[in-house]
Structures are given as structure tokens and as C-alpha cells.
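Biologist: Please take a close look at one part of this protein. Pick a nonpolar surface patch and walk me through it.

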Amino acid sequence: MSDTKLIVAIGILHLVALAAGGGLVLLALRGGDGYEHPHAEGGRGPDQPPDPPRRPIGGPPLPSARPARIRLREPARLADLHPPPQRRAPREPRRPRTRPANPRAT
């Protein structure tokens, strides 16, 4: 490719880029904020309230919905609100092994 064709190709690419950039600038200046206003006639009131639900929301409490054992808003310390842990039973002391009778003694 000769130098002249290369310069013309680069020039055409620059013109295309300038045209695209100019088009974007015109769109930005011509358009508003890009959002359609629901009250185009100038009203500022709220829309109609939503329809009420057809079925009741919620239901009976689940069996696992128990109140907490401890309320964190009470003035006592958290450690005082917990019951003390149960202690394990002490182990019995080890007894010495008894030696079997010597079978060779007879």
C-alpha cells in the first residue's frame, strides 16, 4: 500500500470518528434527562395507590418461633443471664491392678 492510500484511509477513519462524536453531542444537547415523566401534563401528585393483596400476608407463627431465652436489653450482665453450665461428675480414682496368682508357684 502506498503512502497516499494510507493517509487517505487514516483521514477517512478520523472523519467517521468525528461524525460519530458530533452525533453523540447533538443527541446529548437535544434530549432531556432521558426519562419519561409519568405526569407529562404537569401534575405532581402521586400515582394511584397499589391494589391490596388478594390473599393475606403472613400466617400463623411457626412452631420454631420461640422467644429468645435471654433478652439483651435487660440491665443485667449477659453472663448473669445464662444458667451456669452443669459440671461433669468427677471420675472415680483408678484402682491398682491386682496381680493374678502365680500359676508357676505350685
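**The nonpolar patch**

Modeller: Val8, Ile12 and Val16 make a nonpolar surface patch of about 270 Å². Patch residues have over 30% relative accessible area and no salt bridge; nonpolar side chains (Val, Leu, Ile, Met, Phe, Trp, Tyr) are joined within 5 Å, like charges within 9 Å. Areas come from the Shrake-Rupley method with a 1.4 Å probe, and for residues only the protein chains shown count as cover.

This is a predicted model: local features need pLDDT of at least 70, side-chain atom pairs count only at pLDDT 80 or more, and totals for chains, interfaces and linings use all residues. Residues are numbered from 1 along each chain as its sequence is written, and side-chain values use heavy atoms, leaving out hydrogens and water.

Val16 sits in helix α1, residues 3-30. Helices are DSSP runs (H or I, at least four residues), numbered from the N terminus. An α-helix has 3.6 residues a turn, so residues three or four places apart point the same way.

Val16 counts as exposed because its relative accessibility is 51%. The cut-offs: buried is under 20%, exposed over 50%, partly exposed in between (1.4 Å probe, protein chains only).

Now the helix itself. α1 has 28 residues and reaches 41 Å from first C-alpha to last. That is close to the 40 Å expected at 1.5 Å a residue, taken as 1.5 Å times one less than the number of residues. Zero of its 28 residues are buried, so α1 lies largely in the open.

Note on methods:
A salt bridge is a side-chain nitrogen of Lys or Arg within 4 Å of a carboxyl oxygen of Asp or Glu. Helices (H or I, at least four residues) and strands (E, at least two) are DSSP runs, numbered from the N terminus.
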